[in-house]
Amino acid sequence: MRALEYFEVECPEEAGAKAYKEIASDILLDLNLVRTIGRLHIYIDPEFPFFLAVGRLRSLPGLVRVRDFANVLGEKGKITLDISTETYLAQLLSILWDSFGRDRVEQPDRFTIEIREDVDTKEIEDLVVYDPSEGIHKDLIYALQWIAPEGFKVRRQSMKDGHFYYVASENTLPEDVISDLVDSRMRLVEAEA
Amino acid sequence: MTLVPITYKGGIYRHDIIIDLIDDLGGYVVQKHVLAQEVVLQSLVPQEDVELIRRIGKPLGGEVTEAPLVGTEIAVVSPSLEIHHLPHTSCDMAEYLRQAGAKTNMIGLSRGFGKRIANLNIEERDVINEHDCAVYLLGNFETCIEYKMDALRRGITVPIILTGGPDTERLKAITDPPVEGYVGSIGRIGHRMKKQEGEIDHLDTLVEEVSAVLNRRREEIARDPLSVSPPHLRTVLDEKMHISADSTHPTPITVQIAGLRVKVPYETYASEIRALEVDEGVKLSDVAEVLPSRMRNYICLKIRPFSETNIIV
């Protein structure tokens with residue numbers, strides 16, 4: 001997969017490694033995670049058996065604020081929002097309803113919202129509508145569960161400071177072995193960074 | 001008269017001409033599928049008349065192709081029905097076998113995944129054993145296939161065709177005792193099989209391998225022929241009991257190599273089926289065993305060989 005800066009699948013069985021490299025690429029593409037993950041190392045040992053994935057996320061796009069997709073016009077006792085793209089409209093409406101109440105927020109047409117309240121336009125412009133990092137953890141773990149061979153129900157996962165790991169097996173995972181493995185593979189991911 | 005399996009695919013307009021023709025020639029329509037304006041007939045017809053059917057079908061937009069698996073019911077066994085195994089590989093393979101004329105049933109094991117934890121329960125074993133053969137779809141690691149195959153084949157009496165990620169030679173090397181067929185290089189994948197090389201080619205090999213295994217089975221049966229041929233028994237049963245007309249199943253009576261699966265409740269219909277007259281003075285129970293199927297409450301008919309009954313219908 002070209003979009004990833006570093007992507008390796010390590011496995012004692014060559015054919016297995018090749019197959020899993022393809023599976024991982026297909027799944028990450030399907031789930032639209034190729035742009036989110038920067039570096040990924042997968043280690044599969046069919047003997048023990050276990051599956052390990054360590055990697056690093058790319059820096060995520062910033063917070064989406066009202067000013068990014070709408071013009072805010074302030075009048076006396078009324079604020080009018082002129083929406084340019086509808087992508088975040090549903091989230092924006094929920095936030096406005098929660099803050100001002102449904103009776104004060106009106107939507108005369110698809111691209112216009114009126115708030116009958118005396119508020120500073122700057123305050124509305126800076127309102128955070130969507131945080132792209134929300135849900136990333138869930139999506140990433142789902143992708144790794146899907147990539148890993150089925151039936152590996154003893155799992156351990158972590159995501160911290162842009163680094164993540166996911167270990168799965170059908171046997172008990174000794175703590176020290178896992179931390180050694182994760183550390184050594186994490187070094188590989190970091191080596192060429 | 002040697003019957004050969006074919007698929008007739010053509011327009012629905014006047015397709016009854018083809019059905020009558022096959023019937024007149026002494027052949028059997030095993031399965032009829034109507035898809036919008038198109039009709040697909042899986043049939044067994046006399047070898048020398050294939051050209052005739054092709055000629056008569058041509059003005060009706062009909063195409064006749066060889067379909068080596070017509071008249072067989074195949075179990076496609078997947079380690080589970082989770083997203084890891086479905087829809088890719090399992091569905092691609094089942095669909096390809098159907099194109100070759102087979103009736104496939106996909107069997108997702110409840111605990112077929114993993115390595116040490118993989119197993120096969122009694123119900124799954126019995127359902128698989130009701131088929132003509134079982135195609136096992138396993139994963140990409142030799143170590144795992146070698147380890148779990150023992151558990152997954154325990155109690156299976158029908159021929160097994162093993163497929164998996166390692167190449168065919170490796171699959172042969174790691175399976176002990178050997179199974180009846182092997183198709184390597186098709187393990188778990190994450191996309192639909194579309195490429196000819198390395199994907200569709202392997203599916204073609206699978207059809208060849210399954211046909212070869214089933215041909216060996218047919219040859220074995222030919223040494224002690226069945227008292228009645230399954231397609232003939234199907235026709236008699238359907239004419240007398242109108243099962244197809246009253247059913248919404250795609251194949252209300254499924255033809256197998258040495259039997260039939262009849263999709264009506266056992267408790268209600270078993271005695272009626274047993275008493276059915278297949279030929280003058282020959283009851284169905286004289287030539288076949290009527291058994292309850294493990295699949296829902298269907299009926300399984302096992303046709304007995306000539307050596308047991310001394311009857312040939």
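Between chain B and chain A, 17 residue pairs are in polar contact, both members of each pair being at pLDDT 80 or more. The structure is a predicted model. On the side of chain B that touches chain A, the residues divide into 6 nonpolar, 8 polar and 5 charged. Across this interface the rule finds 0 salt bridges, although the structure holds 20 salt bridges over all chains.

**Interface of chain B and chain A**

- The contact involves 19 residues of chain B and 25 residues of chain A.
- About 1,900 Å² is buried between chain B and chain A, and 51% of this area lies on carbon and sulfur atoms.
- Three residues, B:I83, B:F141 and B:R188, supply 32% of the area that chain B buries against chain A, which is more than any other three residues supply.
- A:D30 is in contact with B:G190 and with A:W146, leaving aside neighbours within four places in sequence.

**Nonpolar cores**

- The largest nonpolar core has 56 residues.
- Within this core, the residues with the most contacts are B:V210, B:L237, B:V262, B:I273, B:L284 and B:L301.
- Helix α7 of chain B, residues 196-223, provides the largest share of the core, with 8 residues.
- B:V210 touches B:L69, B:I74, B:L97, B:C133, B:V135 and B:I161, not counting residues up to four places away in sequence.
- Another core, of 33 residues, lies apart from the largest one, and A:F7, A:C11, A:I23 and A:V34 are among its members.

- In general terms, side chains of opposite charge can pair when their charged atoms come close.
- A:R39 forms a salt bridge with A:E5, with the closest N and O atoms 3.3 Å apart.
- A:R39 is located in strand β2 (residues 37-45) of chain A and A:E5 in the segment before β1 (6-10) of chain A, so this pair ties together parts that are 34 residues apart in sequence.
- A:R39 has a relative accessibility of 4% and therefore counts as buried, the cut-off for buried being under 20%.
- A:E5, by contrast, is partly exposed, with a relative accessible area of 49%.
- A:R58 also forms a salt bridge with A:E5, and here the closest N and O atoms are 3.5 Å apart.
- A:R58 belongs to the loop between β3 (50-57) and β4 (64-65) of chain A, and A:E5 to the segment before β1, so the second pair ties together parts that are 53 residues apart in sequence.
- The relative accessibility of A:R58 is 26%, and A:R58 therefore counts as partly exposed.

- B:R54 forms a salt bridge with B:E51, the closest N and O atoms being separated by 2.7 Å.
- Both B:R54 and B:E51 lie in helix α2 (residues 50-57) of chain B, 3 residues apart, or about one turn of the helix.
- B:R54 counts as partly exposed at 34% relative accessibility, and B:E51 likewise counts as partly exposed at 47%.
- Elsewhere, in chain A, salt bridges that share partners join A:E5, A:R39 and A:R58 into one network.

- B:N105 is found in strand β6 (residues 103-108) of chain B.
- With a relative accessibility of 12%, B:N105 counts as buried.
- The side chain of B:N105 makes a polar contact with the side chain of B:H131, at 2.9 Å.
- Leaving aside neighbours within four places in sequence, B:N105 is in contact with B:E73, B:I74, B:A75, B:V76, B:H131, B:R261 and B:M295.
- B:I74, one of these contacts of B:N105, is also touched by B:V210.

**Positions and separations of two aspartates**

- A:D30 lies in helix α1 of chain A, which spans residues 14-30.
- A:D30 has a relative accessibility of 51% and therefore counts as exposed, the cut-off for exposed being over 50%.
- B:D16 is placed in helix α1 (residues 16-24) of chain B and counts as partly exposed at 44% relative accessibility.
- B:D16 and B:I299 are 283 residues apart in sequence and 29 Å apart in space, C-alpha to C-alpha.

Notes: Residues numbered from 1 in each chain as written. Chains lettered and ligands numbered in written order. Predicted model: local features only at pLDDT ≥ 70, side-chain atom pairs only at ≥ 80, totals over all residues. Heavy atoms only, no water. Core = buried A, V, L, I, M, F, W, Y, C linked by side-chain atoms within 4.5 Å. Buried < 20%, exposed > 50% of the residue type's maximum accessible area, 1.4 Å probe, protein only. Helix = DSSP H or I, 4+ residues; strand = E, 2+ residues; numbered from the N terminus. Contact = heavy atoms within 4.5 Å. Buried area = accessible area lost by both parts, 1.4 Å probe. Salt bridge = Lys/Arg side-chain N within 4 Å of Asp/Glu carboxyl O. Polar contact = N/O pair within 3.5 Å; in protein donor to acceptor, adjacent residues only side chain to side chain. Nonpolar A, V, L, I, M, F, W, Y, C, P; charged D, E, K, R; others polar.
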